[in-house]
Amino acid sequence: MTITLLTSVFPLLVYLAYNIVVPQVEKLRPSLSVIMNMQRRHWVANATRRESPFDAILSGNIMGSVSFLASTAVLLVLAVFAVFGQLPTLMNALESLSFDRNLTVVDVQAHLAVMLAMFALAFFAFTLSLRQFNHFCIMLGALDHDRETGEEEIEAIAQMNALGAKNFNSGIRAYYFSVSTVAWFVSEWVGVATCLATVLVLAHREFFSSSHRTAASAAVIAARHRKAKLSG
């Protein structure tokens with residue numbers, strides 16, 4: 001395998017590895033996603049005690065965002081297919097940019113295949129997320145407010161919400177790493193550097209960002225209130 005092909009596939013490999021490594025890191029340090037999963041459980045627990053359109057509105061807003069990104073992924077897939085049909089024009093454009101690179105048609109085709117794979121993975125992640133959030137809405141709507149909802153049922157509904165969020169995050173990450181596939185056209189090493197920078201940005205947002213600290217503080221405060229309520 002040449003350096004050109006290795007650097008072309010690099011963002012896809014890092015994306016897949018990131019999705020595998022992060023859950024292992026979360027066992028040592030809770031990520032923003034883990035903290036928000038706790039809040040999802042609190043949401044479901046509170047929803048069992050109220051009959052209000054508020055929960056339906058929240059769920060609808062979430063599904064609308066996922067649906068929009070899934071539709072965007074379809075457009076991006078179609079756009080890459082369209083570029084396959086305009087390879088001579090693309091090759092001429094790359095040569096006119098004078099990056100001192102000798103890319104062959106095969107190199108460009110292979111890289112376009114990588115971009116297609118990234119956007120296809122994003123599409124499947126978003127559509128699966130949309131389906132899981134749809135299941136969550138059904139489960140939430142099926143709650144019987146005339147009886148006390150058990151902990152196992154609350155946990156199951158919250159877990160469905162968490163699964164939807166997990167796949168939503170996977171789709172978002174595919175979008176982030178696809179940026180480095182565009183940077184590859186400038187230079188192989190610019191693409192690699194952009195990919196590594198993406199890893200740092202995502203890791204910071206998941207584990208060290210102000211959003212992480214704020215969500216963790218909210219979770220701690222909520223836990224203290226519940227503890228005080230139980231002890232009182």
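In the predicted model, tryptophan 184 and phenylalanine 185 are both buried. Their rings form an edge-to-face aromatic pair, with 5.5 Å between centres and 75 degrees between planes. The count of aromatic pairs comes to 8. Another of edge-to-face geometry joins tyrosine 15 to phenylalanine 177, at 6.1 Å centre to centre and 65 degrees between the planes. Because tyrosine 15 lies in helix H1 (residues 3–25) and phenylalanine 177 in helix H6 (residues 151–183), this pair ties together parts that are 162 residues apart in sequence. Tyrosine 15 and phenylalanine 177 are buried, and ring pairs link Tyr15, Tyr18 and Phe177 into a cluster.

Arginine 173 is also found in helix H6. With a relative accessibility of 10%, arginine 173 counts as buried. When neighbours within four places in sequence are left aside, its contacts are Tyr15, Tyr18, Asn19, Val22, Leu202 and Glu206.

In soluble globular proteins, nonpolar side chains tend to be buried together. The largest nonpolar core in the model holds 37 residues, of which Val108, Leu112, Phe126, Tyr175, Phe177 and Phe185 touch the most other members. Two or more residues are given to this core by each of H1, helix H3 (54–84), helix H4 (87–96), helix H5 (105–141), H6 and H7. The largest share, 10 residues, comes from H5. Beyond its neighbours within four places in sequence, phenylalanine 126 is in contact with Val66, Leu69, Ala70, Phe168, Gly171, Ile172 and Tyr175. A further core of 11 residues lies apart from the largest one and includes Ala45, Phe136, Ile154 and Ile157.

Serine 129 is located in helix H5 and, at 0% relative accessibility, counts as buried. Not counting residues up to four places away in sequence, serine 129 touches Val66, Gly164, Asn167 and Phe168. Val66 and Phe168 are also among the contacts of phenylalanine 126. Serine 129 and serine 187, which are 58 residues apart in sequence, are separated in space by 34 Å, C-alpha to C-alpha.

Tryptophan 189 belongs to helix H7 (residues 188–207) and counts as exposed, its relative accessibility being 54%.

Side chains of opposite charge can pair when their charged atoms come close. A search of the whole structure finds 6 salt bridges. In one of them, glutamate 151 is joined to arginine 41, with the closest N and O atoms 2.3 Å apart. Since glutamate 151 lies in helix H6 and arginine 41 in helix H2 (residues 32–47), the pair ties together parts that are 110 residues apart in sequence. Glutamate 151 counts as exposed at 53% relative accessibility, whereas arginine 41, at 24%, counts as partly exposed. A network of salt bridges links Arg41, Glu151 and Glu155.

A salt bridge also forms between aspartate 55 and arginine 50, whose closest N and O atoms are 2.7 Å apart. Aspartate 55 counts as buried, at 6% relative accessibility, while arginine 50 counts as partly exposed, at 28%. The side chains of arginine 147 and glutamate 153 likewise meet in a salt bridge, at 3.1 Å from N to O. Arginine 147 is partly exposed, with a relative accessible area of 40%, and glutamate 153 also counts as partly exposed, at 27% relative accessibility.

Definitions and conventions:
Residues are numbered from 1 along each chain as its sequence is written. This is a predicted model: local features need pLDDT of at least 70, side-chain atom pairs count only at pLDDT 80 or more; totals for chains, interfaces and linings use all residues. Side-chain values use heavy atoms; hydrogens and water are left out. Rings of Phe, Tyr and Trp (its six-membered ring) pair if their centres lie within 6.5 Å; planes under 30 degrees apart count as stacked, over 60 as edge-to-face and the rest as tilted. Helices (H or I, at least four residues) and strands (E, at least two) are DSSP runs, numbered from the N terminus. Buried means under 20% relative accessible area, exposed over 50%, partly exposed in between (1.4 Å probe, protein chains only). A nonpolar core is a set of buried Ala, Val, Leu, Ile, Met, Phe, Trp, Tyr and Cys residues joined through side-chain atoms within 4.5 Å. Contact means heavy atoms within 4.5 Å. A salt bridge is a side-chain nitrogen of Lys or Arg within 4 Å of a carboxyl oxygen of Asp or Glu.
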